[in-house]
Amino acid sequence: MSDEATDDAKAFSTIWAFSPPQTSTDKRAIELLQLVTTDEAAFCARDAAELHHNMFDVAVFASKPRREATQDLRRLFLYTQTTYYHVHNSFDYQRDEIFPAAEWMTWKGLIREMHVHPMLLTVIWHSHQNRYISRAFAQFLQRELCSDEIPSDVADVETFKRDREFVRLFYPEMTRREWPNELPDY
């Protein structure tokens, strides 16, 4: 495997990293993003919309140092996005009874295993902004990631609570009851 392919694999694998319990909610994004970039603007992103802007704004591409510093962030975004849309497709397959419940549980687990990484929340924000997801999938995401009621199949309640607090900080709009209603129902 080439050095570049190895670096890509390392950048992609950071989506599965999780912060230790002692990391404060407001430092979590920086801690995880430092695994992928040196871009100070990315570290200053207060929410998913800002992180997206700090990766894809024309000013980023116009500056060679920023373009290079955010290259792995954009790769991680695309990798996360691909996985996310596979889960959405699996959600639809399960609803259409193409997938058995056991297979759906495997796909569903991918979302929780990302521990509401700032990049996952940025992908969710992007999909919501562009209406790329269904209302039912958005409702599923709310239940899985930021529900006040802890889902019955959560294995680690404390981790779920920490993840939920991070969603409330980094993508607070997602916690609004009406958030899914802005999406198509198909």
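Visitor: Where is Thr37 found?
Guide: Thr37 sits in the loop between helix 2 (28-33) and helix 3 (40-44). Helices here are DSSP runs (H or I, at least four residues), numbered from the N terminus. By the way, this is a predicted model, where local features need pLDDT of at least 70 and side-chain atom pairs count only at pLDDT 80 or more, while totals for chains, interfaces and linings use all residues. Residues are numbered from 1 along each chain as its sequence is written, and side-chain values use heavy atoms, leaving out hydrogens and water.

Visitor: Why is Thr37 called buried?
Guide: Buried means under 20% relative accessible area (1.4 Å probe, protein chains only). Thr37 has 4%, so Thr37 is buried.

Visitor: Leaving aside neighbours within four places in sequence, which residues is Thr37 in contact with?
Guide: Contact means heavy atoms within 4.5 Å, and for Thr37 that gives Ala42, Phe43, Ala69, Thr70 and Leu73.

Visitor: What makes helix 4 roughly perpendicular to helix 9?
Guide: The label covers angles of 65 to 115 degrees, taken between N-to-C directions of lines fitted to C-alpha atoms over the stretch in contact. The axes of helix 4 (residues 48-56) and helix 9 (residues 118-129) cross at roughly 90 degrees and come within 8 Å. Therefore helix 4 counts as roughly perpendicular to helix 9.

Visitor: How do you know that the buried residues of helix 4 are on the same side?
Guide: Ala48, Leu51, His52, Asn54 and Met55 are buried in helix 4. The arc is that of the directions from the helix axis to the C-beta atoms. Theirs is only 165 degrees, so they lie on the same side of helix 4.

Methods. Axes fitted to C-alpha atoms, helices over the stretch in contact; angles between N-to-C directions. Helix = DSSP H or I, 4+ residues; strand = E, 2+ residues; numbered from the N terminus. Parallel < 35°, antiparallel > 145°, perpendicular 65-115°, else oblique. Buried < 20%, exposed > 50% of the residue type's maximum accessible area, 1.4 Å probe, protein only.
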